Amino acid sequence: MPARSAFLTSPTFGGGSWLAHSTLESGVWIDNQARFDDLDATGRATLAALFRRAGWATAAVQPGTTSGFADADFYGYDQVLDAHTLGYEGPNFSFATMPDQYTLKTFQDRLRAPGHAPLMAELTLVSSHAPWTPLPTLVPWDQVGDGSVYASTSGPSLPPQAIMTTDPAVVRANYLASIRYSLATLISYLQTYGDPDLVTIVVGDHQPAPVATGNDPNRDVPVSIVARDPAVLDAIATWGWEPGLRPSAQAPVRRMDTFRDGFTQAYGPRPIE
């Protein structure tokens, strides 16, 4: 499936993913908790709110959310599927309440069924969250079911901070394996369920902890837009993003808070306030 890729500079690294998510959605640089707490008062329209304003259905799929999503209305989500409402009956994988494959399959079955309304959804995949072990195994999509199929691949759950007491070489190998699993799962989903109308934005929220990256990590994360419709990628031709899902070291780098306005300028009918 055709794609264009580059990098975004995240406002955080090693944690604080909500700061990156709010920065991407709002187009405001949110690099600390105080700025996040004040975001509601700005009246800033998020990407989801702009889609809802245009008549689209909107949804947040958040398997890592276990205690409600108080800001759903601010962000502009009509529906939230969280750890309690996704219907998962399988084992946890440390921090990950469920495998990415289950999240994607449930999203497909419940929100992308034939005849669904135009939909903008944000999916937060959690299999690549520390401590990056154990990892599930990718199974045939028609065997995902309620998630109990993953019981045979689960192992002892560890808290995220376990990475601080583990051999760094092992941590890095586990982190790499988790990224491979998440990307392989997402690519398999797009190959299995992609259609000419599907547009997917794939973005990392932040770099992992220094135990995985080294002591001097930058804050750049990969971002890709994937679409079968050539017009979608033609609309961002001036951005200089590279073909494929793996940006090179020479790929363009923008701050994450510039994405909202760049996206709306490329695809919207007029400037957005």
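Student: Where does Ser127 lie, going by the helices and strands?
Tutor: This is a predicted model, in which local features need pLDDT of at least 70, side-chain atom pairs count only at pLDDT 80 or more, and totals for chains, interfaces and linings use all residues. Residues are numbered from 1 along each chain as its sequence is written, and side-chain values use heavy atoms, with hydrogens and water left out. Helices (H or I, at least four residues) and strands (E, at least two) are DSSP runs, numbered from the N terminus. On that naming, Ser127 sits in the loop between strand E4 (119-123) and H6.

Student: Is Ser127 buried or exposed?
Tutor: Buried means under 20% relative accessible area, exposed means over 50%, and partly exposed is in between (1.4 Å probe, protein chains only). The relative accessibility of Ser127 is 5%, so this residue counts as buried.

Student: Which residue caps the N-terminal end of H6?
Tutor: Look for a polar contact, a pair of N or O atoms within 3.5 Å; within protein, one must be able to donate a hydrogen and the other to accept it, and residues adjacent in sequence count only if both atoms are side-chain atoms. The backbone nitrogen of Ala169 has a side-chain oxygen 3.0 Å away, and that oxygen belongs to the capping residue, Asp167.

Student: How are H5 and H6 oriented to each other?
Tutor: Axes are lines fitted to C-alpha atoms, for helices over the stretch in contact, and angles run from 0 to 180 degrees between N-to-C directions. The two axes come within 9 Å and cross at roughly 25 degrees. Angles under 35 degrees count as roughly parallel, over 145 as roughly antiparallel, 65 to 115 as roughly perpendicular and the rest as oblique. H5 and H6 are therefore roughly parallel.

Student: What is omega for the peptide bond from Thr133 to Pro134?
Tutor: Most residues other than glycine have a negative phi, and most peptide bonds are trans. The loop between E4 and H6 holds Pro131, and a cis bond with omega of about 15 degrees joins Ala130 to Pro131. Pro134 is in that loop too. The bond from Thr133 to Pro134 is also cis, and its omega is near 0 degrees.

Student: What is the phi of Trp132?
Tutor: Trp132 lies in the loop between E4 and H6, and at 4% relative accessibility it counts as buried. Although Trp132 is not a glycine, its phi is positive, at about 70 degrees.

Student: Why is H1 described as largely enclosed, and how many of its residues are buried?
Tutor: Leu19, Ala20 and His21 are among the buried residues of H1. H1 is largely enclosed by the rest of the structure because, of its 10 residues, the number buried is eight.

Student: Which residue's backbone oxygen does the side chain of Tyr267 reach?
Tutor: Tyr267 is in helix H9 (residues 259-267), and at 31% relative accessibility it counts as partly exposed. Its contacts beyond four places in sequence include Ile225, Ala235 and Ile236. At 2.7 Å, the side chain of Tyr267 reaches the backbone oxygen of Val232.

Terms used:
Contact = heavy atoms within 4.5 Å.
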